[in-house]
Amino acid sequence: MQSLDDIAPVLPALAGARRVVVKIGSALVVEEKTAAPRAGWLASVAADVAALRARGTEVILVSSGAIALARRALGLTRKKLKLEEKQAAAAVGQIRLAGAWADALAAQGLAAAQLLLTLEDSEDRRRYLNARATLGTLLELGCIPVINENDTVATAEIRFGDNDRLAARVAEMTGADVLVLLSDIDGLYTADPRRDPAAAHLPVVERITDEIMAMGGDPPPGYSSGGMRTKLIAARIATGAGCAMAIALGQRDNPLRAIEEGARCTWFLASPEGRSSRKRWIAGSLAPLGSLVVDAGAARALARGSSLLPAGVRAVEGSFHRGDPVSVRDETGRELARGLAAYDMEDARQIAGHRSEELETILGWRGRDEIVHRDDLVLMP
């Protein structure tokens, strides 16, 4: 591992990122003594988010705190709660959590949008596409999505169990450039600095090896369900998807601004091959269930890196559903690309050859303008 000075020129920067996901734990959101939102701190984070938005950076917040905000009000003060008690607390606390963020962001002229996700939403292809499309639309509309795990319905089998991994999956799903995990510690150390005074801070981690993973410890006491171990798992997910990640101290006001100003943290560098791994998966690991035959104009647009629009599709073959892999071919039968369909086969047949503005009239509902989005499309050699 190189020193920070050696590698500083290639470190990611929040200000230059196109899209940033910020994960915030319960202990940062909730005042432990009163079980109330830390309004002043939330306001400082909202100010940081507004500053990023003013520079053109899209921001997604992944925030814990729902259960913690409701425990005391419901008399659920035991350290360990039953699943149904956690779900009841989440149902009450989620309203409070969303309200706290809505108030903080509204003071900066920003609109908050709440999304609740489960592990299944990130693993089932159709749910994944739905969630990604919703997030993309919210960001296009200038909203700040505030995401939490859907504890009110998630069982142990379909839970992330911590928002570190949820945030990493969201970063992967949305193609984020940077994931920031705000924590009660300023990064990764060679050992737990609370127990080992000789523990050394690691400013940069280039690759997550078994040695790095071994530096994770047990979850800390209190409201947080994570720990350094879950943060390292999140780092493995995010960096493997081509997203850089930082673990930074969150307890100070304006924590994102502090990172920009050089506050100590640990940067995990994105895997150089991360962005292309999903493309390789689409191109080589999925057998097409159908084909889209396109005209010469669409073929040229694809070669330039564009999405496939319905207007350029001349025929739809096979049987597939939304999110299934399809082959894109020219009218001679040559395979041009492979991708994930944004429409079921029957809907694709109805809209083939039509302009995007006609789709709602044809289908009776408004779908995506693209029949295969460029993010889900791989050109074949």
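1. Let's begin with helix α10, which lies across β1, β7 (178–183), β11 (244–249) and β12 (265–268) and runs at about 155° to β11. For the angle, axes are lines fitted to C-alpha atoms, for helices over the stretch in contact, and angles run from 0 to 180 degrees between N-to-C directions. Contact means heavy atoms within 4.5 Å. Helices (H or I, at least four residues) and strands (E, at least two) are DSSP runs, numbered from the N terminus.

2. A word on the model before going further. It is a predicted one: local features need pLDDT of at least 70, and side-chain atom pairs count only at pLDDT 80 or more, while totals for chains, interfaces and linings use all residues. Residues are numbered from 1 along each chain as its sequence is written, and side-chain values use heavy atoms, with hydrogens and water left out.

3. Helix α10 spans residues 228–240, and Gly240 belongs to it. Gly240 is partly exposed, at a relative accessible area of 33%; the cut-offs are under 20% for buried, over 50% for exposed, and partly exposed in between (1.4 Å probe, protein chains only). Between Gly240 and Pro272 there are 8.5 Å in space, C-alpha to C-alpha, and 32 residues in sequence.

4. Now to the sheet. Eight strands form an open sheet with mixed pairing, in the order β5-β6-β4-β1-β7-β11-β12-β10. The edges are β5 (112–117) and β10 (204–205); each has a single partner strand, so one side of each is left without a neighbour in the sheet. Two strands count as paired if DSSP finds at least two bridges between them.

5. Which residues cover the two faces of β4? Glu58, Ile60 and Val62 are buried on one side, and Val59, Leu61 and Ser63 are buried on the other.

6. Strand β1 (residues 19–24) runs parallel to β4 (residues 58–63), and six bridges join the two. Within this pairing, Lys23 stands opposite Val62, and Ile24 stands opposite Ser63. Strand β6 (residues 144–149) also runs parallel to β4, joined by two bridges; here Val146 is the bridge partner of Leu61.

7. Strand β7 is likewise mostly covered: six of its six residues are buried. Val178, Val180 and Leu182 are buried on one side, with Leu179, Leu181 and Ser183 buried on the other. Five bridges pair β7 with β1 in the parallel sense, and Leu179 in β7 stands opposite Val21. Six bridges join β7 to β11, again parallel, with Val180 opposite Ala246 in β11.

8. Finally, some totals for the chain. How many helices and strands does the chain have? There are 15 helices and 17 strands. Buried residues account for 51% of its 381 residues. Of the contacts between residues at least 6 apart in sequence, 72% join residues at least 24 apart. The chain exposes about 17,300 Å², with carbon and sulfur atoms supplying 50% of that area; accessible areas come from the Shrake-Rupley method with a 1.4 Å probe, and for residues only the protein chains shown count as cover.
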